[in-house]
Amino acid sequence: MAIKKTAAMDLDWSFYLYLQQFYLDNKGKIRSYYKGATKKFLDYNDPENGKAFLRRPQFEALEIYVFLKEFLSNEPVYKIFEDWYERQGRFDSRSSTALPGKQVQLFGEINKEQYKLVFDQMKKAAKEQSYPNYIFALTMGTGKTVLMATCIFYEFILASRFPQDKRFCHNALVFAPDKTVLQSLLEILTLDKSKVVPPEYINFLETHLKFFFLDEAGTTLNTIDNSDFNIIISNTQKIILKNQHTEPHAANLLFKAEKQTIQANSVVDENADLYLSQEAENEKELLSNQRFIKLTRLEQLGIYVDEAHHLFGSKLKKDLVERSKTSLRTTIDQLANELHRSGTRVVACYNYTGTPYVGSEVLPEVVYAYGLREAIDNKYLKKVAIESYKNPRDHEFVKAVILDFWQKYSTQRREGMLPKLAFFASDIEELENQLRPAVEDTLIDLGIDINSILVNVGDPKLTTNDQIREFIHLDSPGSEKQFILLVNKGREGWNCRSLFGVALHRTPNSRVFVLQATMRCLRSIGDIQETASVYLSEENKQILRDELQQNFRMNLEEFQNAGSGGIDVTVKLRPPKVKLTLKRVRRLHHLTEIKPAPGLDFGLEKADLEKYRIIKTTQEGLTFSDAQTNKPVATEDLTYLRKRRTFSKITLVAEIARYLNRSPIELEGILKDSKEGIVTILKMVNEFNELLYDWI
C-alpha cells in the first residue's frame, strides 16, 4: 500500500509535463507531420514573431491541441500514456530525458508498478467513453474563451481543406455551466478573427460560420441537418436529455388518444413520446429534446466544455472524474452514442478548467496546465495583497475595508474605468439588514456618493433590470459604480477587470467559495501589473490557505509573494563552441573607362586576314615534298563561298552599338574620325565579317 501511495505522489502531476517535454524536444520532427495550413496557423500565432495576439500559455495550449490531433491522431490519454511508456507508435524513438528541475528523475524513469497505477487511473476515467476526452487547465484570467475560439477556427479551416480527414471537427458545441458564463462565451462570436487567423483564411470563416446562441429557454435549434461549420453555444440545461421518470397510470393509458407507433431502439427513441408527441404535456422538455435531436444530425462534432473553469475540489472531481449520472457527462455520452449510430461521431471533448488538481490528485486526462503562480509571475494576472481582520463586527469590518480601499485606489481610473470593490454576503437578509446599511454609513462619513453602490442578489424584487445591465457593463468607462454588493456571485463567470478588491467577512456555506470570490479580482488591467486587495476575516483567511493548497499546490505566502520576484527559467547544458580561424581574402576591382581620342587607329593593316580565308590546295602524288617532285602545288582562294553579311554605314553602327550598349551617335563619330575612316572599315568588314567582332 505504501508503494502505491509513493507512486501516486510521484506521478500525480507528471504525465502532461512529460508530454509537453516530448513535444519541445521533438518539435521539428512533429511539425513534419502537420498540414501546411496548420504550420501557417501556428506560425501566425507564435508569440516569437512579435505580432501575435495570443499569450504564451494560450499558444502553448494551442500547440498541444494540434499535437494531439495531427501527430497523435486524437488518441485517448490512456493510450497516449501507454505508447509513451512502452516507447511504441509515435513515441518509438523518444529519449529518457528528465523533466527540467526534477533531479529525482535523472537516473531513471517510472517503474512498472507506478505505470500500472497511473494507467489504471486514466483507463478508469475513460471507461464507457466512445470519444477522447482532454482537459486544458489554465488558471482564471489567462484567456480560455479566446483559446477555445482559436481552436474552433483552426478545426474548421482544416476541415474545409481536408473534408475526408476524420481527425477534424466540422461542427462545434460549446457548453457553459450557467447563464452568466453563457454571456461571457459571446466573445467567441464577437472576437476579431484577424487577431488569431491568418488573412488568407478569414474570408472563408466570415462566409461559412453559422452561430446559434441558445440563451433563452424557448429557443429552438435551427441547424441544417448534415451541415458543416456550425457553432452552437448553450448551457447544459438547454441541451440535456430528459427522461420520463414515472410510469403512466392506468387511467392515463386508457384516456390517451394517440397510439405508440415508434419502436424504442435507441436512447432517442426511448424518449420519443416526450419530444415527438404534439400533445406533450411539458413544452420545455419538447424543446430540450428537439435540440438534442438536431445535434445528432450534425457530422464530426467537437464538444467544448467551459463549465469547469469555476469549479474546484469535489464538484470538479464529480463531473470530470466520476462522470456523475446527474452531470453533463451523461448527455455528452448519449450524444456520442447517437452520433455513432447515425454513422458519424464526436471527434473529441475538450474541457477547459482552472486547475489540474482535485484535492491531492491530478485530473488524469489533463494534457496542458498553466498554474496560478506562473500567471501572476508572468503578469497575466494582478498581484494580490491579503488583508485579514481579527474579531471585527460587521460595521467595523466594512469601515476598515472601505478606508483601506479608498486610500489605495480612490477614483484613479485604469483604462478609463473606476476601480471597484465587491462585498460578498452569505444571504439576502444579511445584505439588506447589515451589509448595505454599513456600506452606506461609511460612504456618507467619507463624503462618497452612495449612488456608487450597486446591488446584485439574483432576486428581482431587490435587483432591477437596470441594475443587472449596470452589472454587465461594469467594465466600461461610463460606469460610475464602485461598491458592488453581491450574494453568491463569486463563483460565476463574472469577468470584471476593473475589480480591485473583494471583501468576505462571514464564513460562507461552501469553503471553496472563498477561493472563487478571491480570484474574481485578479484579472489584469492596464499596461503595468496592478495589485488587488483581498479583505478576509481570520477564519476565511485560513480557509483560503487550505483551498489554495488543495487546488493549486500553493501556500498563502506564495500567493501573496507571486509576481514580486523573478521567474523560473530552464537552464540546459550545452557543449562548448568550436572556433575555427578563417582567412578572409578580399579583392577590390576598379573599372576605368577609356575614352578614345580623335583619329583612333584601328590598326587594320596588322590584322591577320589569312585566317579568315578559305584556301583550297591541290597536290599530285603522295609525296608532300616539292623539292623531291619539283611539281607545283596548286592553291585556290574559296573565301567567296562563305556566307557573308553586307553592312551599310547605318547597320554597321547599329551592330556595334548593340554589341557595346553605347550610343550609336557616339560610335558613328568615332568611326568617321578614325585613321582608316568609316569607308575603309566598312569595305574590310563586308569582305571579312569576322573583323567586326574579333578586331573592331
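These legends describe close-up views of a predicted model.

**View 1. A seven-stranded open sheet with parallel pairing.** The strand order is E3-E4-E2-E5-E6-E1-E9. Strands E3 (210-214) and E9 (366-370) stand at the edges; each has a single partner strand, so one side of each lacks a neighbour in the sheet. On average, neighbouring strands are turned by 15° against each other, direction ignored.

**View 2. Strand E1 beside E9, with helices on the sheet.** E1 (residues 133-138) runs parallel to E9, and four bridges join them. Ala137 stands opposite Ala369 in E9. Helix H5 (residues 56-71) packs on the sheet and touches E1, E5, E6 and E9. The direction of H5 makes about 170° with that of E1. Helix H17 (residues 328-341) also packs on the sheet, touching E1, E2, E5 and E6. Its direction makes about 175° with that of E5.

**View 3. The ring pair of Tyr65 and Tyr154.** The ring centres are 6.1 Å apart and the planes stand at 80°, so the pair is edge-to-face. Tyr65 belongs to helix H5 and Tyr154 to helix H8 (residues 144-161), so the contact ties together parts 89 residues apart in sequence. Tyr65 is buried at 1% relative accessibility; Tyr154 is buried at 0%. Both belong to one aromatic cluster, which also includes Phe41, Tyr134 and Tyr304.

**View 4. The ring pair of Tyr409 and Phe500.** The centres lie 5.2 Å apart with planes at 50°, so this pair is tilted. Tyr409 is in the loop between helix H19 and strand E11, and Phe500 is in strand E14, 91 residues apart. Both residues are buried. Lys382 lies over the face of Phe500, 4.9 Å from the ring centre.

Methods: Residues are numbered from 1 along each chain as its sequence is written. This is a predicted model: local features need pLDDT of at least 70, side-chain atom pairs count only at pLDDT 80 or more; totals for chains, interfaces and linings use all residues. Side-chain values use heavy atoms; hydrogens and water are left out. Two strands pair if DSSP finds at least two bridges between them. Helices (H or I, at least four residues) and strands (E, at least two) are DSSP runs, numbered from the N terminus. Axes are lines fitted to C-alpha atoms, for helices over the stretch in contact, and angles run from 0 to 180 degrees between N-to-C directions. Contact means heavy atoms within 4.5 Å. Rings of Phe, Tyr and Trp (its six-membered ring) pair if their centres lie within 6.5 Å; planes under 30 degrees apart count as stacked, over 60 as edge-to-face and the rest as tilted. Buried means under 20% relative accessible area, exposed over 50%, partly exposed in between (1.4 Å probe, protein chains only). A charge sits over a ring if NZ of Lys or CZ of Arg is within 6 Å of the ring centre and within 35 degrees of the ring normal.
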